[in-house]
Amino acid sequence: MELAFRLEPAMNTVSISPQTLAINGGSPVRSTFLPYGRQSIEEADIQAVVDVLRSDWLTTGPKVSEFEESFAARVGAKHAVSFSSGTAALHGAAFAAGLKPGDEAITTPMTFAATANCVLYQGATPVFADVSRDTLNLDPEQVAKRISSKTRAILTVDYAGHPSGLDAILELGRNHDLVVIEDACHALGAEDRGRPVGSIADMTVFSFHPVKHITTGEGGMVATNNSGFAETLRCFRNHGISSEARQRQSAGQWHYEMVLLGYNYRLPDIACALGIGQLKRLDANLSRRREIAARYTAAFRRIPGAIPPAVRPESNPAWHLYPIRLELERLTADRAQSFRALRAENIGVNVHYIPVHLHPYYRDRFGYRGGEFPVAEDAYSRLISLPMFHGMSDQDVDDVITAVGKVLSVYSR
Ligand SMILES: Cc1ncc(COP(=O)(O)O)c(C=O)c1O
């Protein structure tokens, strides 16, 4: 029989009790599977979508501008331009930044592939720079080393919802005449030195995928204070056409012109109606995520083998993810084994991220072999994302803490 400790979070105590891991035939901590992320849809959301279905405009109607205006106000930006996904929004931002073949954009390997892919969509080259050890966000010193005469943009990512600490990056941008794009797909509602994410970078990109803070099914947004960027983004997401059908209808005109090569990246009214209601609940969602993060962090400080995510004093993260790092030196199991053991306990752990340069496409195309970005690669070998979504109950949170304590105590050296 293996000895494992059970954490009693409410009482702040740790008691030793004999337990067998579920992966070895013991009973799982939970009888039902807890996913790592989940949307929350209320009756009012459903009604708002039904109302649009009964209206005249299913796409590019009044709900689009209503969603964009309330979103811009919430993130402190002059403009917000909706897109059919976060990936399409990234593509729009790369286009508006003027990226083209021969150009380079510096970005982080510790992200979802879409961040770097948007540079490739423009025929430009993503140049990776390593991340800071604490937040796993782009390290400005590493970025500075990679700036060349071909660099046109820096693309930061607010990993797990912790703001990128943009001041140093913006200074690099100013000194080298670069556009700074912030991929804030994890960070809706986060703040950096009291400023909302969305009000700081030249363009800030958000995603409304169901695991994010608010959802429209699929969807994305670019926030910007730059009217020129906003105009280009609106045109780009609509085939490169300079006016919208509704504007033409209300002006009694049929004539339109395509002025640049764009795409159909529009977010329909059906989705925007959902987004409007979801956005109203953002603050409640954020405070629940912050409560969960605080409860996790207090517990993991007392569990040997698990390192909770760092928070810089000037940052107020949005906690899209809660990734712990395993202290492998103290454990007999690696990340893969710990991951399997947690899944067997019915905890829906995940891994964010395989560093982008290690994906076969990037290895084949750019010749990466591993070892190029040691901080990101070391973090990858240790990272496990725990369930984090605003609909989690306190019991769900305690189950995760108990399961992590159980698994890591059985695997402790
Ligand atoms: C950091 C990051 N960037 C971009 C995206 C792409 O967003 P979407 O799924 O809305 O296309 C994601 C999605 O998970 C993401 O996590």
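**Entry 1**

Which residues in α3 meet which residues in α7? Before looking, I noted that I am working with a predicted model. I found His 91, Gly 92, Ala 93, Phe 95 and Ala 96 on the α3 side. On the α7 side I found Phe 229, Thr 232, Leu 233 and Phe 236. I sorted the residues of this contact by type and got six nonpolar, three polar and no charged.

Next I looked up the geometry. Helix α3 covers residues 86-96 and helix α7 covers residues 227-236. Their axes come within 9 Å and cross at roughly 125°.

**Entry 1: another helix pair**

How do α10 and α14 cross? I saw that the axes of α10 (residues 282-300) and α14 (residues 394-410) come within 10 Å, at an angle of roughly 30°. An angle under 35 degrees counts as roughly parallel, and therefore this pair, α10 and α14, is roughly parallel. Here, too, I recorded a right-handed crossing of α10 past α14.

I then listed who makes the contact. From α10 come Arg 288, Ile 292, Arg 295, Tyr 296, Ala 299 and Phe 300. From α14 come Asp 394, Val 397, Asp 398, Val 400, Ile 401 and Val 404.

**Entry 2: around the ligand**

How many residues surround the ligand? I got 15, and the closest are Gly 86, Thr 87, Asp 183, Ser 207 and Lys 212. The side chain of Thr 87 has an N or O atom 2.5 Å from an oxygen atom of the ligand. For Asp 183, a side-chain N or O atom is 2.7 Å from a ligand nitrogen atom. Tyr 353 has a polar side-chain atom 3.1 Å from an oxygen atom of the ligand.

I stayed with Tyr 353, which sits in the loop between α11 (335-344) and α12 (360-366). The peptide bond leading from His 352 to Tyr 353 is cis, with omega near 5°. I also stopped at Leu 136, in the loop between β5 (125-128) and α5 (140-146). Leu 136 is not a glycine, yet its phi is positive, at about 65°.

Why did I write these down? Most peptide bonds are trans, and most residues other than glycine have a negative phi.

Notes. Residues numbered from 1 in each chain as written. Predicted model: local features only at pLDDT ≥ 70, side-chain atom pairs only at ≥ 80, totals over all residues. Heavy atoms only, no water. Axes fitted to C-alpha atoms, helices over the stretch in contact; angles between N-to-C directions. Helix = DSSP H or I, 4+ residues; strand = E, 2+ residues; numbered from the N terminus. Parallel < 35°, antiparallel > 145°, perpendicular 65-115°, else oblique. Left-handed = near helix turned anticlockwise from the far one by under 90°. Contact = heavy atoms within 4.5 Å. Near = heavy atom within 4 Å. Polar contact = N/O pair within 3.5 Å; in protein donor to acceptor, adjacent residues only side chain to side chain. Nonpolar A, V, L, I, M, F, W, Y, C, P; charged D, E, K, R; others polar.
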